Amino acid sequence: ETQQEQRLAHQLRAGQAALAAGRIDQPPNDSAWFYFRGVLDVAPDNVVAQQGLDEVQNTLIERAIEYAHELDFESADRVLEDASLVTESPERIAAARREIRGFRAQRMAELEARAVAAMDEADFGRAERILVELVALGNAGNTVNELRRRMEEARVYGGFRPGQVLRDNFLTRGLWTPDSVVVLAGSYIMGSPVFEKGRAESEGPEHRVTFRRGFAIGKTEVTVGQFREFVNQTDYRTQAEQHGFSMIYHHSSGRLARRDGVNWRNSYDGGEAKETEPVLHVSWNDASAYVTWLARGTGKSYRLPSEAEFEYALRGRRSNRYWWGDEAPQRVVENLTGERDVSRGDRQWSTYFKGYGDGFWGPAPVGSFEPNPFGLHDMAGNVAEWVSDCWHDTYLRAPDDGSAWINPGCERRVIRGGYWASRPDQARSASRLSARPERRDARVGFRIARDL
């Protein structure tokens, strides 16, 4: 036996001993990798050394997979890179990489599902901790960013998206609520500046209102058909029915006049209302009864909009006098008092939007005109609408969070939005009126709102 053969045999024994002791690749000069590589540098065809390096590589691959299962993917990648340098075995390394990628993807999917479940339960602290785990996996940037976006939507919009149209079904009767639209959260200046044309003192002082959570508001006014479902299901009797009259539009005089026997089934002039027209001759009390029925039937928090919500939704993130601009519309946008409108008795408006005409004298079927920037119809025209707030002569000490301003036992409620016969100044975004909660007539209806 030559001296070289003795040296190679010694290196092979040292390599086997290093393998048995777990010194796979470290320390650099006393590891199995070092000894077997040294043998092959001298005797490239040495079968024992080749088998030893195969075992070194397999051990490193197993170690990389163990790191992956311990969620230390950085170490797994590093060890697998070392394993690729041991022998020319691309298929073996590729298979290991596929296994680690598959495990990482499975773990990411599990964490993503857990994060979504936590969001659905509004447990945002737990969801955030799960996202930290996802970040630790590495290569999950897009997934984490998408989940953070969804978590923000869950916090602010209850998991819905701004602009999304909602409709809830009743728990027992197979009925559906009217459509509502998720409104983008944000802030705005409520009220009107002192120099705005047509301004009333009750529209000030201007103040910032911030919605930290989104809300949903009716896409249109509540229709006669939708109100009919409520009456059919509850046998509710409106105040017009209880008192036997309401106020209608009289075509010959052009004024409101009392007429007996008129209620929610009737149109603005006392005729039979169409199912798609906004319900009229309803009081604030009647409107409140309707949204309470929705809330009880669906288990969702339906209510009347607050005054701040209504103005914010009406403006559509614009600060002009009207949601379409500062002057008369240049296109048909709402059911408004226009210079070109003519009643069936050949009457014309005495105050009007110059050059405007929408083809209606009296309320139009809901949604007949284009939506505002928030996707809502008939906010500034068609019929005025009850909101939940009590009336206050000014906005001094008004809430700044968008909530309704309510005082126990208040005697007057707020009406917002213009209507089919209102002066142009009343179609302004900041315009507001008041009435006693039992008031009902041919001008006022309502729409729903919903917490998210």
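This is a predicted model: local features need pLDDT of at least 70, side-chain atom pairs count only at pLDDT 80 or more; totals for chains, interfaces and linings use all residues.
Let's begin with the helices. Two packed helices are described by the angle between their axes and the distance between the axes. Take helix α1, which covers residues 3-21, and helix α2, which covers residues 32-42. Their axes are 7 Å apart, and the angle between them is about 155°. An angle over 145° counts as roughly antiparallel, so α1 and α2 are roughly antiparallel to each other. The crossing of α1 past α2 is left-handed.

Which residues of α1 and α2 meet? On the α1 side you'll find Gln4, Leu8, Gln11, Leu12, Ala14, Gly15, Gln16, Ala18 and Leu19, while α2 brings Ala32, Tyr35, Phe36, Gly38, Val39 and Val42. Sorted by class, the residues of this contact between α1 and α2 are ten nonpolar and five polar, with no charged ones.

While you're here, look at the loop between α1 and α2, where Pro27 sits. Gln26 and Pro27 are joined by a cis peptide bond, with omega at about -5°. Most residues other than glycine have a negative phi, and most peptide bonds are trans.

Next up is helix α3 (residues 47-69), which packs with helix α5 (residues 90-120) at an angle of about 10°, their axes 10 Å apart. Angles under 35° count as roughly parallel, so α3 and α5 are roughly parallel to each other. From α3, the contact uses Asp54, Gln57, Asn58, Ile61, Ala64, Ile65, Ala68 and His69, and from α5 it uses Arg92, Ile93, Ala96, Glu99, Ile100 and Phe103. This contact of α3 with α5 has eight nonpolar, three polar and three charged residues.

Helix α5 has another partner to look at: α7 (residues 141-157), packed with α5 at an angle of about 10° and with the axes 10 Å apart. α5 and α7 are therefore roughly parallel to each other. Met108, Glu112, Ala115, Val116 and Met119 of α5 touch Thr143, Leu147, Arg150, Met151 and Ala154 of α7. In the contact of α5 with α7, seven residues are nonpolar, one is polar and two are charged.

Now for the empty spaces. Rolling a probe the size of a water molecule over the atoms shows where empty space is left. The largest pocket has a volume of about 400 Å³. Of the 17 residues that line this pocket, Tyr249, Gly254, Trp349, Ser350 and Ala421 lie nearest its centre.

How many cavities of 30 Å³ or more does a search of the whole structure find? The search finds one, and the largest cavity has a volume of about 60 Å³. Its lining residues include Met190, His207, Glu307, Asp389 and Trp405. By class, the cavity lining holds six nonpolar, two polar and two charged residues.

Finally, back to the backbone. Pro205 lies in the loop between β3 (186-190) and β4 (207-211). The peptide bond that runs from Gly204 to Pro205 is cis, with omega near 0°. Further along, Arg317 is in the loop between α11 (307-315) and β9 (384-390). Arg317 is not a glycine, yet it has a positive phi of about 70°.

Conventions. Residues are numbered from 1 along each chain as its sequence is written. Side-chain values use heavy atoms; hydrogens and water are left out. Axes are lines fitted to C-alpha atoms, for helices over the stretch in contact, and angles run from 0 to 180 degrees between N-to-C directions. Helices (H or I, at least four residues) and strands (E, at least two) are DSSP runs, numbered from the N terminus. Angles under 35 degrees count as roughly parallel, over 145 as roughly antiparallel, 65 to 115 as roughly perpendicular and the rest as oblique. A crossing is left-handed if the near helix is turned anticlockwise from the far one by less than a right angle, and right-handed if clockwise. Contact means heavy atoms within 4.5 Å. Ala, Val, Leu, Ile, Met, Phe, Trp, Tyr, Cys and Pro count as nonpolar, Asp, Glu, Lys and Arg as charged, and the others, Gly among them, as polar. On a 1 Å grid over the protein atoms alone, a cavity is a set of points where a 1.4 Å probe fits but cannot get out, and a pocket is an open set with protein on both sides within 12 Å along at least five of seven lines; lining residues have an atom within 4 Å of a point. Grid points are joined across faces, edges and corners, and a volume is the space filled by probe spheres set on the points.
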